[in-house]
Amino acid sequence: MAYRILSLDGGGIRGVFTTELLSRLEAAAPFLAKVDLFAGTSTGGIIALGLAAGLTPDELTDLYLAVGPEIFPESHLGPLALLGKVVCAPYDNAALKRALTVTFGQRNLRTLGDLGRRVLVPTFDLDSSEGPASKPGVQRTWKPKFFHNFPGPGSDAAEEIVDVALRTSAAPTYFPTYQGFVDGGVIANNPSMVALAQALHPATGGQKLEDVSLLSVGTGDRLRFIPGPTHDWGYAQWAVPLSRLIVEGPMDTARYECEQLLGERFCRLDAVLEREIDMDDATAEPDLVEMAKRIREPMDAAIAWVQRWFT
């Protein structure tokens with residue numbers, strides 16, 4: 001029996017690029033009703049939770065456009081933005097929390113267990129609670145945490161939807177930590193492989209590899225490179241590029257792994273952005289929507305793939 005996974009990358013405000021791609025795809029080849037597992041990291045986690053709650057991609061686009069400027073105020077964009085990030089997180093998560101609380105509250109949804117669909121949301125647990133560093137038989141350490149609402153003893157069905165959304169999107173250098181968690185992008189900004197593992201695990205998805213099809217959707221590629229044959233750098237020079245390498249490098253690893261395991265049952269929908277857009281530039285949201293509307297070849301390929309493997 002076919003098992004369909006939709007995996008959504010992190011990328012801050014560029015999540016509106018994702019929602020517009022999903023809107024176009026759904027209009028051409030309706031498929032969201034047949035998804036068995038929604039997986040998402042950071043902004044992708046918020047979208048995944050929204051889709052599992054029954055929101056349409058268009059409703060999610062409207063949400064981004066409405067609250068994006070409140071979450072990322074334009075006053076933080078400018079020459080002092082980098083200086084602000086050196087000493088503290090430039091944004092708080094109050095506006096995002098309010099928007100999510102209203103969005104899910106209007107549907108009388110509180111916990112992951114209230115959602116009608118299966119979800120998987122990566123975060124990273126800093127293990128920041130007070131207490132001894134270790135005790136007999138237990139060693140404290142930071143670790144990945146993958147929230148899901150599959151039944152069983154390891155289920156996170158009782159977790160609050162809004163809390164999980166804020167944990168997965170607490171991006172370091174942008175937002176403060178939330179309840180001891182930081183953005184899932186530090187370990188799986190492309191959660192495709194994590195979702196596949198969850199689907200195959202006997203205690204949760206319990207699927208056979210040959211039955212799984214997986215659609216992975218990005219937030220727009222940004223072309224990056226570091227010129228020069230040798231870089232004898234220290235902390236100061238590596239600080240900015242290394243943070244991007246850590247998040248973006250493993251994304252292609254997840255893509256490669258899924259391609260090798262699933263073959264033609266894996267599809268990646270993404271495209272190179274027409275210009276550089278930072279993940280906190282809410283002023284660029286209308287441009288991101290228009291860019292997504294202009295995508296041609298990747299969209300045509302994704303439509304054909306969905307018609308074959310999802311619908």
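Where does leucine 273 lie? Select leucine 273 to start: the residue sits in the loop between β9 and α10. Helices (H or I, at least four residues) and strands (E, at least two) are DSSP runs, numbered from the N terminus. Before going on, note that this is a predicted model, in which local features need pLDDT of at least 70 and side-chain atom pairs count only at pLDDT 80 or more, while totals for chains, interfaces and linings use all residues. Residues are numbered from 1 along each chain as its sequence is written, and side-chain values use heavy atoms, with hydrogens and water left out.

**Around leucine 273**

With a relative accessible area of 8%, leucine 273 is buried (buried means under 20% relative accessible area, exposed over 50%, partly exposed in between, with a 1.4 Å probe and protein chains only). Now show its contacts (heavy atoms within 4.5 Å). Leaving aside neighbours within four places in sequence, leucine 273 touches Arg14, Phe17, Thr219, Gly220, Asp221, Arg222, Leu288 and Met291. Draw a distance from leucine 273 to leucine 288: the C-alpha atoms are 8.2 Å apart, for a separation of 15 residues in sequence.

Move to glutamate 274 and arginine 294, which form a salt bridge with their closest N and O atoms 2.9 Å apart. Here a salt bridge is a side-chain nitrogen of Lys or Arg within 4 Å of a carboxyl oxygen of Asp or Glu. The pair links distant parts of the chain, 20 residues apart: glutamate 274 is in the loop between β9 (266–269) and α10, and arginine 294 is in helix α10 (residues 285–294). Arginine 294 is partly exposed, at a relative accessible area of 44%.

**α10 against α3**

Thr61, Tyr64, Leu65, Gly68 and Pro69 of α3 make the contact with Glu285, Pro286 and Val289 of α10.

**Helix α5**

Next, select residues 94–105, helix α5, which has 12 residues and reaches 16 Å from first C-alpha to last, close to the 16 Å expected at 1.5 Å a residue. The expected span is 1.5 Å times one less than the number of residues. Colour Ala95, Leu96, Ala99, Leu100, Thr103 and Phe104, which are buried. Viewed down the axis, the buried residues of α5 fall within an arc of 145°, so they line one face of the helix; the arc is that of the directions from the helix axis to the C-beta atoms. They pack against α2 (43–52), α3 (57–71) and α6.

**Last stop: lysine 145**

Finish at lysine 145 and aspartate 156, a salt bridge of 3.0 Å, N to O. Lysine 145 lies in strand β6 (residues 143–148) and aspartate 156 in the loop between β6 and α6 (161–168), so the pair ties together parts that are 11 residues apart in sequence. Lysine 145 is partly exposed at 26%, whereas aspartate 156 is buried at 8%.
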